Amino acid sequence: MKFVLPIFVIVVFSAVIIRVQRNRIRTRALRHVIEGEKVTFRARVGVKVKLPMGDWSLKTLGGMELVVREDAFQVTLVHPKVGSFLGSEWYFRAADTTIETTRWRILGILPMDWIIIRNVAAEADADLAISSRHQLGAIWRALIDAGAQSLSLPPRL
């Protein structure tokens, strides 16, 4: 009985590592193309992930960065090596992406604007919502300039 918890932890950890590695293999070609492009914009962002049940994560991932390139972009941890190990990285072709704004209340009190990013391509594995207190307008413009398709008005400034 004393081995049940350690075995459970090993199994869960192994399942997470396998999932992350499968995702890295699946996105390898896109990742290499995107990382070869010139960076046109960069910003620190908070990130929410759409969960498999259809709800948005309650937790906002911090320490994340949006890197916009000529016709694509990525969202990853500021320290990309850690992000790739943890599976906290997403790659998008801008032409295959729609963006729209929404406003959510944080802790039921503070309203905060977010940009919802949806990949309409078959290889998409997640919808993301990103926010930044002072750069949301610039982020919107950078995503549009890269080729993302707008489904709503830009965020309020």
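These are my notebook entries on a predicted model.

**Conventions.** I number residues from 1 along each chain as its sequence is written, and for side-chain values I use heavy atoms, with hydrogens and water left out. As the model is predicted, local features need pLDDT of at least 70 and side-chain atom pairs count only at pLDDT 80 or more, while totals for chains, interfaces and linings use all residues.

**Overall fold.** I looked up the secondary structure and found 4 helices and 8 strands; helices (H or I, at least four residues) and strands (E, at least two) are DSSP runs numbered from the N terminus. Along the sequence I read the pattern α-α-β-β-β-α-β-β-β-β-α-β. Of the 157 residues, 40% count as buried (under 20% relative accessible area; exposed is over 50%, partly exposed in between; 1.4 Å probe, protein chains only). The protein exposes about 9,600 Å², of which carbon and sulfur atoms supply 62% (Shrake-Rupley method, 1.4 Å probe; for residues, only the protein chains shown count as cover). I then took contacts (heavy atoms within 4.5 Å) between residues at least 6 apart in sequence, and 52% of them join residues at least 24 apart.

**Helix H2.** Which residues of H2 (residues 28–35) are buried? I list Leu-30, Arg-31 and Ile-34. They lie on the same side of H2 because they cover an arc of only 100 degrees around the axis, the arc being that of the directions from the helix axis to the C-beta atoms. On the other side of H2, I found Ala-29, His-32 and Val-33 exposed.

**Strand E1 and its partners.** I counted two strands as paired if DSSP finds at least two bridges between them. E1 (residues 39–49) runs antiparallel to E2 (residues 61–69), with 7 bridges joining them; Ala-43 of this pairing stands opposite Leu-66 in E2. E1 also runs antiparallel to E7 (residues 128–131), through 4 bridges, and here Val-47 stands opposite Ile-130.

**Nonpolar cores.** I define a nonpolar core as a set of buried Ala, Val, Leu, Ile, Met, Phe, Trp, Tyr and Cys residues joined through side-chain atoms within 4.5 Å. The largest has 27 residues, and those with the most contacts inside it are Val-47, Leu-66, Trp-90, Ile-115, Ile-139 and Leu-143. At least two residues of this core come from each of E1, E2, E3 (72–77), E4 (89–93), E6 (110–119), E7 and helix H4 (136–146). The largest share, 6 residues, comes from H4. A second, separate core has 5 residues, among them Met-112, Trp-114, Ile-116 and Ala-129. Returning to Leu-143, I noted that this residue touches Leu-66, Val-68, Phe-73, Ile-99, Ile-115 and Ala-148, not counting residues up to four places away in sequence.

**Thr-97.** The side chain of Thr-97 reaches the backbone oxygen of Arg-93 at 2.7 Å. Leaving out residues up to four places away in sequence, I list the residues that Thr-97 touches as Phe-73, Phe-92, Ile-117, Arg-118, Asn-119, Val-120, Ala-148 and Gln-149.

**Pro-154.** I located Pro-154 in the segment after strand E8 (149–150). Pro-154 is partly exposed, with a relative accessible area of 47%. The C-alpha atoms of Pro-154 and Gly-137 are separated by 7.1 Å, although the two residues are 17 residues apart along the chain. Pro-154 touches Thr-101 and Trp-140, not counting residues up to four places away in sequence.

Methods
Polar contact = N/O pair within 3.5 Å; in protein donor to acceptor, adjacent residues only side chain to side chain.
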